[in-house]
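Please consult the sequence and the structure shown here before reading the briefing.

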Amino acid sequence: MVKPLKKLRVGVIGCGRISVMHFDAVKLCGGVAELVACCDIKKDRADEAAALYGCAAYTDYRVMIEHENLDIVHLCLPHYLHVPVAEYAFSRGVHVLSEKPMSTDLESAERAVGLAAEAGGNYGVIFQCRYNDASQLVKKAVQSGKLGKILSVRSTLTWYRPDSYYSESDWKGTWDKEGGGVVIDQAIHSVDLVNWIVDSETVNVSVSMANRGHEAVVVEDSAEGLISYRNGVKYGFYCMNNYGCDEPIEIRLFCEKGKAVFGYDDAYITYSDGTTEEAHQRDEVVSTGGKDYWGSSHKRQIEQFYSACLNGEKPEIDGAEALKTHRLIMEIYEKGGMRGAKNS
């Protein structure tokens, strides 16, 4: 069983690009959590993060967990390592907050959810965009019935990832380590937002997927499709990372009582009676080295996860909840038919 908690002892595993969002958020949660250690197989990364954030540095996460008596670990690792490291943490009575995606496949993600339940531990998965002011406004307008039934949805993502983005990494753009390309790495957040707001089982997924502009990898850089839900909603999506820059994502909902248009930062709702609502993100955390499209809502989700751990509750986005989107992502890849390609 997971040990009872007072003030959380926290470790961060993986000190790469996304880790700054976790390090800064942990520090800002100092009233309930203490950052005691970090880990990376690249010693220079671990040492640099430890010096910057005032914690111990490790190159072996198992040694860190054993020596530091941790309550929670944050996983900021390559996708294929999320489940193996989470499973070890659960076996040692440690709660886990993992970056998305849960895994590169469905079977291991489902197994991790089961192991967390057996251990009595909390298993959180980062989908921070759900906590954006824009997303919250639209979700509440749907839940309350103000927008009426959702009839159809579309999402678009046009970003830029040059070949160097992949060639400079030892795991990005691979089927075995990243699990895919633009869908699992970039578009997963917009797919998750739609899946969360529609809140229904899928009944059909039709997808076209291709690599149209990258020579360094064989994973997809473009995908489009239609997802049909049991409640009648039709969701059309388009994503690609061959554009010249990272344009804001856009999600549009056409509903019985109005329309909603939103992205990560802004939301605009126009109701059929002529009234309007809008929301605009106000940054709470500005992380050095963080990307604009990561937003500022990691802190909100991390605070909620910590609160759940301290109070013996399930986090809002636990493993079972995250599986809803992970299953859809895996089905998109299954229907896209590219996963048999070998990485060069």
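The points below cover a helix pair, a further helix and a loop residue. This is a predicted model, in which local features need pLDDT of at least 70, side-chain atom pairs count only at pLDDT 80 or more, and totals for chains, interfaces and linings use all residues. Residues are numbered from 1 along each chain as its sequence is written, and side-chain values use heavy atoms, with hydrogens and water left out.

**Helices α4 and α5**
- The axes of α4 (residues 82-91) and α5 (residues 106-119) come within 10 Å and cross at roughly 10°.
- That crossing makes α4 roughly parallel to α5 (an angle under 35 degrees).
- V83, E87 and F90 of α4 make the contact with S108, A109, R111, A112, L115, A116 and A119 of α5 (contact: heavy atoms within 4.5 Å).
- The residues of this contact divide into seven nonpolar, one polar and two charged.

**Helix α6**
- Within α6 (residues 133-143), the buried residues are A134, S135, L137, V138, K139, A141 and V142 (buried: under 20% relative accessible area, 1.4 Å probe, protein chains only).
- The elements covering these buried residues include β7 (150-158), α8 (182-198) and β11 (250-255).

**Residue D273**
- D273 is found in the loop between β13 and β14.
- D273 is exposed, with a relative accessible area of 61% (exposed: over 50%).
- The D273 side chain makes a polar contact with the side chain of T275 (2.7 Å); a polar contact is a pair of N or O atoms within 3.5 Å, one able to donate a hydrogen and the other to accept it.

Note on methods. Helices (H or I, at least four residues) and strands (E, at least two) are DSSP runs, numbered from the N terminus. Axes are lines fitted to C-alpha atoms, for helices over the stretch in contact, and angles run from 0 to 180 degrees between N-to-C directions. Angles under 35 degrees count as roughly parallel, over 145 as roughly antiparallel, 65 to 115 as roughly perpendicular and the rest as oblique. Ala, Val, Leu, Ile, Met, Phe, Trp, Tyr, Cys and Pro count as nonpolar, Asp, Glu, Lys and Arg as charged, and the others, Gly among them, as polar.
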